[in-house]
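Subject: Structure for your review

Dear colleague,

Please find the structure below, followed by a summary of what was found around its ligands. I would be grateful if you read the two together.

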Amino acid sequence: MILVTGGAGFIGSNFVLDWLGESSEAVVNLDKLTYAGNISNLDALRDDPRHIFIKGDIGDQALVSELLARYRPRAIVHTAAESHVDRSIQGPGEFIRTNINGTFSMLEATRAYWSSLPGAEREDFRFLHMSTDEVYGTLDGADPAFTETTSYQPNSPYAASKAASDHLVRAYHHTYGLPTLTTNCSNNYGPYHFPEKLIPLVIVNALAGKPIPVYGDGQQIRDWLFVSDHCAAIRTVLARGRLGETYNIGGWNERTNLDVVQVLCDMLDLLVPRATGSYREQIVFVQDRPGHDRRYAIDARKLERELGWKPAETFETGIARTVRWYLDHQAWVAQVQSGDYLTWIEENYANRNMEACE
Ligand code: NAD
Ligand code: DAU
């Protein structure tokens, strides 16, 4: 079996569902169920004995050691993290605790477990660490895309905490020989994306008749990757990645934020038209995110060249699937919009809207 951390989050739950759809190998899923973790994402696995859910903190080294001893996984896919840049600006502490100390604790427990494995099991074991393109910093329009050798220049507390965790993983490979793999991927989108992030927030606010907030001038660029393509890439790297290596994963879909928002409005205009006018009328330009990175772009050629992975979805097909999923899962949307969610939305947007640009 394999151990997945953060398997009730956006990418983690997609990965667990994808894994069990593709393979008969069981998953132990360790997740703290923070505001971002949602066990109902895994409802389809409720009666599936191949899925073992453990509610717990990756920072609890004794718990992780106990789980490793009990289940003896052949691999760990470490996705658990605090993941929202805006939250890291308002309160970085939890990002340090989970992303840095939590990863350290995972590495320590894993090192002890891996060292104790007999020959062949030790040889086959893998620790895959899921990271982000944000560790590379920001690009100007004409700059080449990030490669695996681009220097680290993280700009937000979130990005810095992920960079620190990447360095720890690297050090555990070089120092102790731990069989690690690190992936740095671009912005994911798709089902189960928590509606504090741009794409689901736009869909949810549009349908609710609320303002659609675009930070600054909306000309920041992200490289969008459909989440099931990311899951396939992780399976590929886990199966055949070279030990100690890092692999960039991207969708080859660079878009400005304003373009993404307008595409979503236009799709909703067709699928669920307003009584009058367009959803575009709900777009508001609000005060920018402090330290906002201008452009991310991933060069994913190493992964294609070495392991044969490339994304299956274009932005057009992926965004159509995403919008359809949100329209078909209104109950999920209502469920995740709990009291905590509403408090966050209030805190994040209250002052921005007062300083609206237009
Ligand atoms: P998410 O915020 O949706 O989910 C994170 C999950 O981790 C949640 O289920 C949460 O409960 C769990 N978690 C948080 N702290 C924990 C702790 N201390 N112990 C155990 N579980 C804990 O995140 P996501 O968007 O699915 O991102 C997953 C990973 O991918 C993260 O490492 C993130 O940095 C990375 N990443 C995300 C994106 C993206 O676009 N979403 C892009 C690049 C990299
Ligand atoms: O690049 C990978 C990263 O992508 C991951 O490491 C992070 O975990 C993930 O959250 C995501 O980070 P971003 O900051 O790029 O995602 P977010 O959805 O928060 O914002 C996307 C862009 O949209 C960004 O330029 C900020 C902008 N934005 C965001 C929100 C929430 C808006 O204009 N308005 C908004 O209301």
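A polar contact is here a pair of N or O atoms within 3.5 Å. The model is a predicted one.

Ligand 2

An N or O atom in the side chain of arginine 222 lies 2.9 Å from an oxygen atom of ligand 2. Backbone atoms also take part: a polar backbone atom of serine 83 is 2.7 Å from an oxygen atom of ligand 2, and for a backbone N or O atom of tyrosine 215 the distance to an oxygen atom of the ligand is 2.8 Å. The protein buries 95% of the 690 Å² that ligand 2 exposes when taken alone. By class, the shell holds nine nonpolar, seven polar and six charged residues.

Ligand 1

The side chain of aspartate 31 has an N or O atom 2.5 Å from an oxygen atom of ligand 1. For an N or O atom in the side chain of tyrosine 158, the distance to an oxygen atom of this ligand is 2.7 Å, and a polar backbone atom of glycine 9 is 2.9 Å from a ligand oxygen. On its own, ligand 1 has 840 Å² of accessible area, of which the protein covers 96%. β5 gives the most to the shell around ligand 1, namely three residues. The shell consists of eleven nonpolar, 13 polar and five charged residues.

Yours sincerely

Definitions and conventions. Residues numbered from 1 in each chain as written. Chains lettered and ligands numbered in written order. Predicted model: local features only at pLDDT ≥ 70, side-chain atom pairs only at ≥ 80, totals over all residues. Heavy atoms only, no water. Polar contact = N/O pair within 3.5 Å; in protein donor to acceptor, adjacent residues only side chain to side chain. Areas by Shrake-Rupley, 256 points an atom, 1.4 Å probe, with all protein chains shown as cover. Nonpolar A, V, L, I, M, F, W, Y, C, P; charged D, E, K, R; others polar. Helix = DSSP H or I, 4+ residues; strand = E, 2+ residues; numbered from the N terminus.
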